[in-house]
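Here is a short note to read beside the structure. Take the points in order and find each residue as you go.

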Amino acid sequence: MKHSFSKRIISMEDQASLNNLFKSYETEVYGEVQTSEADIQEMMDSIPEADRRGLWDEGDLVAISILTEKDHRLPSLILALPNDHMELYIGEMAEELFTSARRKKETNSDSKTIILSANLDKEKKAFEKHGFTPTRYWFQMKKDLKDLSVASVSSSYRISSFNPDTEAESLHQVFEEVFSDHFDYHPSSLDEFMKRFLRPSFDPDLWFVLREEKDLVGFVFCSVNNETRLGEITHLGIRKKWRRKGLAHYLLNYAFSKLKEQGMTTAALSVDSDSYTDATIVYQNAGMYVYRGFTRYDLEV
């Protein structure tokens, strides 16, 4: 079958088509819509035009390529309609992604690594055909936010909402310490860390810090999606000295209760299946379950 393809920058006028593509993909692959229209709008607003490309087949948007930059890493997205032509669509958009990546590299001689996630065998096959290598397997874990019970913890610990004006530097230091020995860790400056505060999804009332007296010992960052009612736990960490004390469990339950207060019906997070801290077990003990798995693919350019 001959295809009538056209490729171009995804513009704001394509918002409805983009929303429909995400909805079609997530409904087919996840069994539910996880990305809200507000999330898609935020993505469009934050990505330069040249790094967001679309593929149209006989007038219908069937695939996109999105490239972002984070130090030497280029966290990216190829999203294609999950039909019989999916691998063909991915091949078309891989070329667009490579063009964007090479343009990023022109301004910096250091190597860059494109990072993609694959959920389906078709995606994995297409990525590997274009030179990507599987590097890690991740789980998305979820919890129903009904009938919550709060874990007990010593009264010497207290949780409070994050104050960006007074706690940014101390939280950044703890964040770097916690993740310094994790897979693919790359140090970030305070300025880079504080760029998170500029994201539309950032809400300091949903970032929580855990203290023992004057010591900041842990944190949990959350965001809410009022369209899908899915609350996401984006980062959780406990400093090494305070691990194995049940504090991650305590923070998780606290986050669950706050997400429920915000009207969320489900909490979700992503975790490295090979986490040396046994994070998956910690989350399972807090009542979470593995909802799906996905594979990270890398390609150095």
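Which residues form one aromatic cluster? Keep that in mind for point 1. Note that this is a predicted model.

1. The cluster. One aromatic cluster is made up of Phe162, Phe175, Phe179, Phe193, Phe197, Phe202, Trp207, Phe219 and Phe221. Across the structure there are 21 aromatic pairs.

2. An edge-to-face pair. Phe202 and Trp207 pair edge-to-face. Their centres are 4.9 Å apart, and their planes make an angle of 85°. Phe202 and Trp207 are both buried.

3. A stacked pair. Trp207 also pairs with Phe221, and this pair is stacked. Here the centres are 3.7 Å apart, with 5° between the planes. The pair links distant parts of the chain. Trp207 belongs to strand E8 (residues 207–212), Phe221 to strand E9 (residues 215–225), and 14 residues separate them. Phe221 is buried, as is Trp207.

4. The largest nonpolar core. This core has 38 residues. Leu18, Ile64, Ile78, Ile114, Phe127 and Phe132 touch the most other members. Helix H3 (residues 86–106) gives the largest share, eight residues.

5. Phe132 up close. Leaving out residues up to four places away in sequence, Phe132 touches Phe98, Ile114, Leu116, Phe127, Tyr297, Asp298 and Leu299.

6. Charges over rings. Arg8 lies over the face of Trp56, 3.9 Å from the ring centre. Lys142 has its charged end over the ring of Tyr291, at 3.9 Å from the centre.

Methods. Residues numbered from 1 in each chain as written. Predicted model: local features only at pLDDT ≥ 70, side-chain atom pairs only at ≥ 80, totals over all residues. Heavy atoms only, no water. Core = buried A, V, L, I, M, F, W, Y, C linked by side-chain atoms within 4.5 Å. Buried < 20%, exposed > 50% of the residue type's maximum accessible area, 1.4 Å probe, protein only. Helix = DSSP H or I, 4+ residues; strand = E, 2+ residues; numbered from the N terminus. Contact = heavy atoms within 4.5 Å. Phe/Tyr/Trp six-rings, centres within 6.5 Å; stacked < 30°, edge-to-face > 60°. Lys NZ or Arg CZ within 6 Å of the ring centre and 35° of its normal.
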